[in-house]
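Here is a briefing on one chain, grouped by topic. Keep the sequence and the 3D view open while reading.

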Amino acid sequence: MAKDILVPAVFIALLALLLEPFGFMPSMAVMTVLILCVAAFALFALFIWREKGDDERERVHINRADRIGFIFGAVVLLAAIVAQSLAHMLSPWLVAALVAMVAAKAVALIYQKNTN
């Protein structure tokens with residue numbers, strides 16, 4: 001249970017540091033935080049990938065959490081796309097991220113239905 005809270009909290013804290021809440025951060029510090037972010041995300045992804053429910057109820061909880069996470073991520077990306085489009089400065093990275101999420105979800109669903 002501790003890893004379920006600690007790893008995402010560390011990852012979120014590192015991402016917040018990238019916004020430089022305390023003012024100017026030297027470029028070496030930014031690079032260090034970026035490396036730590038990548039490492040924290042790798043650890044987070046590893047825990048998610050290995051996550052398995054012991055019974056049907058736990059599997060339902062995991063599936064619901066996954067769906068909620070996907071929907072929230074997509075909503076945030078879509079809101080950023082709308083806001084940046086209205087300001088006439090749309091970042092192609094936002095569109096690419098949302099396309100990647102939706103395409104990966106569709107491909108994974110099709111693959112799972114055909115192999116299981």
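## Contacts of L14

Leaving aside neighbours within four places in sequence, L14 touches V33, L36, C37 and A40. The model is a predicted one. L14 is also among the buried residues of α1, and it belongs to the largest nonpolar core.

**Nonpolar cores**

- The largest nonpolar core has six residues in all: F11, L14, M25, V33, C37 and A40.
- Helices α1 and α2 each supply at least two residues of this core.
- The most comes from α2, which gives three residues.
- A second, separate core has five residues, including A74, I81, L94 and L98.
- As a general background, nonpolar side chains tend to be buried together in soluble globular proteins.

**Helix α1**

- Helix α1 runs over residues 2–18 and has 17 residues.
- From first C-alpha to last, α1 reaches 24 Å, close to the 24 Å expected at 1.5 Å a residue.
- V7, P8, F11 and L14 are the buried residues of α1.
- The partner of the buried residues is α2 (27–50), against which they pack.
- After α1 comes E20, with a positive phi near 50°.

**Aromatic pairs**

- How many aromatic pairs does a search of the whole structure find? The search finds two.
- F11 is buried, because its relative accessible area is 16% and the cut-off for buried is under 20%.
- F41 is partly exposed, with a relative accessible area of 44%.
- F11 also pairs with F44, and this pair is stacked: 6.3 Å centre to centre, with 20° between the planes.
- F11 lies in helix α1 and F44 in helix α2, so the pair ties together parts that are 33 residues apart in sequence.
- F44 is partly exposed, at a relative accessible area of 25%.
- Together, ring pairs link F11, F41 and F44 into a cluster.

**Helix α3 and its cover**

- Helix α3 (56–86) has 31 residues.
- Its first and last C-alpha atoms are 45 Å apart, close to the 45 Å expected at 1.5 Å a residue.
- I62, A74, L77 and I81 are buried in α3.
- Helix α4 is included in what covers the buried residues of α3.
- Of these buried residues, A74 and I81 are among the members of the second core.

**The loop residue H88**

- Where is H88 found? H88 is in the loop between α3 (56–86) and α4 (92–115).
- H88 follows α3 and has a positive phi, near 60°.
- This positive value occurs in a residue other than glycine.
- Most residues other than glycine have a negative phi.
- Is H88 buried or exposed? H88 counts as exposed because its relative accessibility is 74%, and exposed means over 50%.

**A charge over a ring**

- The charged end of K105 sits over the ring of F70.
- The distance from that charged end to the ring centre is 5.8 Å.

**W49**

- W49 has its place in helix α2.
- W49 is exposed, with a relative accessible area of 74%.
- W49 and V60 are 11 residues apart along the chain, and their C-alpha atoms are separated by 16 Å.

Key
Residues numbered from 1 in each chain as written. Predicted model: local features only at pLDDT ≥ 70, side-chain atom pairs only at ≥ 80, totals over all residues. Heavy atoms only, no water. Helix = DSSP H or I, 4+ residues; strand = E, 2+ residues; numbered from the N terminus. Expected span 1.5 Å × (residues − 1). Buried < 20%, exposed > 50% of the residue type's maximum accessible area, 1.4 Å probe, protein only. Contact = heavy atoms within 4.5 Å. Phe/Tyr/Trp six-rings, centres within 6.5 Å; stacked < 30°, edge-to-face > 60°. Lys NZ or Arg CZ within 6 Å of the ring centre and 35° of its normal. Core = buried A, V, L, I, M, F, W, Y, C linked by side-chain atoms within 4.5 Å.
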